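Let's walk through this structure together, one group of residues at a time. Have the viewer open and follow along as we go.

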Amino acid sequence: MKTKLDTKSIETLELPKILEQVANLTAFSVGRERALQLMPIDDRETVQRRLAETREARDLLARHPNARIGGARDIREQVEQAQKGAVLSPATLLDIRQTILAGRRLRSLIVRHREHYPSLARIAERIEPCEALDEAIASTIDENGDVRDDASPKLRQLRRDIALAHDRLLEKLRRIINDPHMQRWLQEPIITQRGDRYVIPVKVEHKGRVRGVVHDQSASGATVFIEPLETLDLNNQWRELQIAEQHEVERILRELSALVAENGDELIWSVDALADLDVAFAKAEYADRLRAIEPDLSDPATPPDDRPLVELRQARHPLLDPDMVVPIDVWLGPDFRILVITGPNTGGKTVTLKTVGLLTLMTMCGLHIPAAEGSRIALFDNVFADIGDEQSIEQSLSTFSSHMTNITRILRQATSSSLVLLDEVGAGTDPVEGAALAQALLMHLLERGIWAVVATHYSELKVWAHSTPGVQNASVEFDLETLRPTYHLRIGLPGQSNAIAIAQRLGLDPAIIEQARALLSSHDIELEALLADIKASRDTAEAEAERIRHEREALERTRRDLERRLAELEHERIQLLNQAREEARRELEAVRAHIRDVMKRLARYATYQEELRAIRNEIDRIEKEELAPLKAPPLPDETPDDEPIPDRPIQVGDTVWVPALGRTGEVIALDAGQAEVAAGAFRLRVNVDDLQLRPQKRATASAMPLPAPPPPRRVAETPLELDLRGMTVDDMLPVLDKYLDDAYLAGVPSVRIIHGKGTGALRRAVREQLRNHPLVATFRPGDATEGGDGVTVVQLNVR
């Protein structure tokens, strides 16, 4: 439901000042006009749309700072004139084109990002591109506001003729003033204009010497300006052409104006849409300046049971100095509808009332509010405020009478979905009657279920609020040390009467202070003492809660740091394990490559195929089972209770835990603080201090031994020398290869190859083959006892 809110209260809460600040941020007059006309409304869908426009505009301007209305003008009146048949000026047509261009640029940007800015896109889609009108104006009017020569063929020809006629006219006048006979009659030899006609200055006493038309006379009377008879026709031709040009320009402008009239509705729609976007951008900029947030919304007709209907966190009054204002936390509900605020004068009670009311109205206008995230505003059907000095001299009403008149009006119009703000309710009359009247008013509001925030000085209202369900006390603090208000609002705690304490601090005679205390009723004394105890207890509780909160935050930070460090250590452990596995994999790949090469060489000898295949299968098993990279390796295992760890230095043969690999291994050598450890299929050297002694492994029946490698051939089966003499090079090569393979598999460390000296061809072929052979470590010519250069001694790789 859309309800018109109370105008008087809107003025009291100073919403027009906020709208003026927003209007000052608009880019053109229609936007400013629209901003000043913003009115709060209680329709939830409308408010949500307004808030969404502000939110999207803030994001758009943050991402695209140049997304502005720049260049747009309020052309509505000019469009209406065109629709009535008026001829628009070139300057007006340029304004229309600039507005079209501004709208088109903005529409393109917003619609292109429709998924991010759906609310703004709905506005931008109302902007009509008017491309034909834009092109027509652009092709007719230049950037200086002049009609272009090529606006029409006739205008182009007329301007050519004008230029030609002008040149002929001036040429004729120059010949006249340069004639020696004529110069003695001239005041000076120049050409000037009078009334759009070219003339020459003639001395008045010689005006009869020059035949022509007198157009003007100088102020002194010494000079007359004459259009020579010889140039009369030329002047006439030039002026006629100018008049024809004016008629053609007017015809062109009339056609453009008619085109504007045809697009009149589209242009007005576009201006209207641009104004809405201008307001959205102004609201966005205002929100950024206030460091404002978009509040959540609630419905007073269906208040929530588990959270406040209104909740303002760290709220600030937008019209106060942001560097001086003290943020407040204030809420209404869920267990009370009326908040009674007490405290000293100038302590912030009135500012609290205005902050609640003004931020509610701002939200209803679609403005973001200066508060912290999580704040909530209720969409009341009306907001009523009776704040400030309402004394009326004109109506001869006292302050009390004026307040009562306003409150009477408010009570007639307020509903259970309204918000009522009352400042110093019942003030301005006898305190006893004023307190009774104020309490009766609040009881009436409570009975009708009306939401209210009330500021008062009456102690009776503190007691009533404390004992009445649905009503809550609040107070603004006062610092007795500095004798100044702190402006902090504390809900749940009524304000104390500090008059006697303040008087004492200011040095009033102690006797007077004691007399004043003696005059207080016992009820008043007990009440103030009770309030002091409550305040002290609450302060202690809040301080303890704050201490616990800080400790909890410190513990949480420590927990996060420990978790992060543990994750880093686990990551480092995984990296080390994977590095070791990668290194072993590279070594295994080198072995695999070597075996592939050997298999190629022995491909023609079936005798060794099964043995090599078994070796290759074992390498595959090692790579698959023992060298797989770890994703989440387990932490080191605990030693079984029944296997105690020996308490002695590490020795050769011990089983040890290798942290870098995350597994156990066997120490096979010790050297100067370094240990060589066999772990699975590979060996590594590590510091002894990095190893952890483990109980010796026990053989189990289930242990699976590695496949035994094929037994090496006995050395006796393979001769220690090969005689190649008498063979050709081609015959020799396969024989030499097979012999070297047999010797390697038999474990022979070195052999002699007899090739003789001869021509040296066989010797060179043998040594070339040995140089590239994978089984050969080194080779050399034989010495004198071994056969000299007819023999080559070969040292084979050790298996």
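Is Asp-306 buried or exposed? Asp-306 is exposed, because its relative accessible area is 63%; here buried means under 20% relative accessible area, exposed over 50% and partly exposed in between, with a 1.4 Å probe and protein chains only. Its partner is Arg-307: the two side chains meet in a salt bridge, 3.5 Å from N to O. Arg-307 counts as partly exposed, at 38% relative accessibility. A salt bridge, as used here, is a side-chain nitrogen of Lys or Arg within 4 Å of a carboxyl oxygen of Asp or Glu.

Before going further, a word on what you are looking at. This is a predicted model, in which local features need pLDDT of at least 70 and side-chain atom pairs count only at pLDDT 80 or more, while totals for chains, interfaces and linings use all residues. Residues are numbered from 1 along each chain as its sequence is written, and side-chain values use heavy atoms, with hydrogens and water left out.

How confident is the predictor? pLDDT is its confidence in each residue, from 0 to 100. The chain averages a pLDDT of 84, and 84% of the residues score at least 70. Helices (H or I, at least four residues) and strands (E, at least two) are DSSP runs, numbered from the N terminus. Two stretches call for care. Over residues 632-642 pLDDT stays under 50, and the model has 14 contacts beyond four places in sequence for them. Over residues 699-716 pLDDT also stays under 50, with 15 such contacts. Contact means heavy atoms within 4.5 Å. Where pLDDT is low, the predicted coordinates should not be read in detail.

Back to the charged side chains. Side chains of opposite charge can pair when their charged atoms come close. A search of the whole structure finds 49 salt bridges. One of them joins Arg-34 and Asp-272, at 2.7 Å from N to O. This pair links distant parts of the chain, with Arg-34 in helix α3 (residues 29-36) and Asp-272 in helix α12 (residues 264-290), 238 residues apart. Asp-272 is partly exposed, with a relative accessible area of 30%. The pair also belongs to a network of salt bridges that links Arg-34, Arg-126, Asp-272 and Asp-276.

Another salt bridge brings together Glu-311 and Arg-376, 3.3 Å from N to O. Glu-311 lies in strand β6 (residues 310-315) and Arg-376 in strand β9 (residues 376-378), so the pair ties together parts that are 65 residues apart in sequence. Glu-311 is buried, with a relative accessible area of 14%, and Arg-376 is buried as well, at 10%.

Now turn to Leu-312. The largest nonpolar core has 59 residues, of which Leu-15, Leu-312, Leu-339, Met-362 and Phe-380 touch the most other members. Helix α13 (residues 349-364) gives the most to this core, with seven residues. A nonpolar core is a set of buried Ala, Val, Leu, Ile, Met, Phe, Trp, Tyr and Cys residues joined through side-chain atoms within 4.5 Å. Leaving aside neighbours within four places in sequence, Leu-312 is in contact with residues including Ile-328, Val-356, Leu-359 and Arg-376.

Which aromatic rings pair up? The structure holds one aromatic pair. The rings of Tyr-198 and Trp-238 have their centres 5.1 Å apart and their planes at 40 degrees, so the pair is tilted. Rings of Phe, Tyr and Trp (its six-membered ring) pair if their centres lie within 6.5 Å; planes under 30 degrees apart count as stacked, over 60 as edge-to-face and the rest as tilted. Tyr-198 is buried at a relative accessible area of 10%, and Trp-238 counts as buried at 6%.

Glu-53 lies in helix α4 (residues 44-63) and is buried, with a relative accessible area of 8%. Beyond four places in sequence, Glu-53 touches Ser-119, Leu-120, Ile-123, Ala-280 and Lys-283. Ser-475, in strand β13 (residues 470-479), is buried with a relative accessible area of 5%.

Methods. pLDDT is the predictor's confidence in each residue, from 0 to 100.
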